[in-house]
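Welcome! Please take a moment with the sequence and the model shown below, and then read on for a guided tour.

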Amino acid sequence: MEKINPKERLIFALDTPVRKEADRYVDELEGVVKFFKVGIILHTLTGAGFVSSLINKGKKVFLDLKYFDIADTVRYAVRQVSRLGVDFLTVHADRQVMKAAVEGKGSSDLRILAVTLLTDIAASDLRDMGIIDRDPGEVVLRRAKMAFECGCDGVIASGKEASIIKEETGGSFLVVTPGVRPAGAAADGQKRFVTPTEAIRAGADYLVVGRPIKNAPDPRSAALKILEEMDQAYKEIEV
Ligand code: C5P
């Protein structure tokens, strides 16, 4: 098995509304983190300008905008994203949305990731939505299989569901896992979190980490520590 470089697999969530702060994190993490997630907090004010600045600095970009709209709108919007040079884009795991997104990306290198269930959703939240007697794991798996059928490149799923998704979809379908918490870190509202080691053991291809790095007294060493843990976990699964 080819050796995995953890730096290729750690994605830092740049969840700040302030461009200057985002730039500061990118600089501070130079040489440590190369993949950045830009979500609705940052994108709302900084838009494509900030995304292009990251790409121009040679960074990889995960645009986490979780598109959910009628098919024509999604197709057209995804086509625009595919021209930016972004690596990952999220859409909701509804069939029409996913099909339109796959059409919109065309033959570009953009990878479409479907959001199955948000990682702060628990069974009680599903009941609130009228999804009775289903646990989050079942809903995630059902939606992941649909994403696979629709031609998406992967899903966002918690580490708790990564292994079953991998089993059901085969190797190249990506599992990108947020809600990752190194031992001792605060949960910050995430309900189905796992440690980096657990996520990797479960088969997660990429780990998304936000607050455990962002709120650390020293974000650079927090990221380095996570990379070390990831490296150990990869060694373990490679043998
Ligand atoms: O700060 P934290 O490590 O919890 O950040 C996780 C990031 O992943 C956030 O940007 C959040 O929006 C995102 N995310 C998630 N669960 C999903 C999809 C995205 O936590 N299912």
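This is a predicted model: local features need pLDDT of at least 70, side-chain atom pairs count only at pLDDT 80 or more; totals for chains, interfaces and linings use all residues.

Residues are numbered from 1 along each chain as its sequence is written, and side-chain values use heavy atoms, with hydrogens and water left out.

- Ser82 is part of helix H3, residues 71-82 (helices are DSSP runs of H or I with at least four residues, strands are runs of E with at least two, and both are numbered from the N terminus).
- Setting aside neighbours within four places in sequence, Ser82 is in contact with Gly104, Lys105, Ser108 and Leu110 (contact means heavy atoms within 4.5 Å).

- In helix H7 (residues 159-169), the buried residues are Gly159, Glu161, Ala162, Ile165, Lys166 and Thr169 (buried means under 20% relative accessible area, exposed over 50%, and partly exposed in between, with a 1.4 Å probe and protein chains only).
- Helix H6 (136-149), strand S6 (154-156) and strand S7 (174-177) are what the buried residues of H7 pack against.
- Gly170 follows H7 and has a positive phi, near 90 degrees.

**Around the ligand**

- There are 17 residues around the ligand, and Asp15, Lys37, Thr119, Arg181 and Arg211 come nearest (a residue counts as near if one of its heavy atoms lies within 4 Å).
- Lys37 has a polar side-chain atom 2.7 Å from an oxygen atom of the ligand.
- For Arg181, a polar side-chain atom is 2.6 Å from a ligand oxygen atom.
- Gly210 takes part through its backbone, with a polar atom 2.8 Å from an oxygen atom of the ligand.
- On its own the ligand has 470 Å² of accessible area, and the protein covers 88% of this (areas come from the Shrake-Rupley method with a 1.4 Å probe; for residues, only the protein chains shown count as cover).

**Nonpolar cores**

- The largest nonpolar core has 66 residues, and Leu14, Met98, Val155 and Ile165 have the most contacts inside it (such a core is a set of buried Ala, Val, Leu, Ile, Met, Phe, Trp, Tyr and Cys residues joined through side-chain atoms within 4.5 Å).
- A second, separate core of 12 residues includes Phe62, Leu113, Leu174 and Tyr206.
- In soluble globular proteins, nonpolar side chains tend to be buried together.

- Asp188 sits in the loop between S7 and helix H8 (196-201), and is partly exposed, with a relative accessible area of 30%.
- Beyond neighbours within four places in sequence, Asp188 is in contact with Arg181 and Arg211.
- Pro136 lies in helix H6 and is buried, with a relative accessible area of 9%.
- Leaving out neighbours within four places in sequence, the contacts of Pro136 include Leu117, Ile121 and Glu161.

Technical notes. A polar contact is a pair of N or O atoms within 3.5 Å; within protein, one must be able to donate a hydrogen and the other to accept it, and residues adjacent in sequence count only if both atoms are side-chain atoms.
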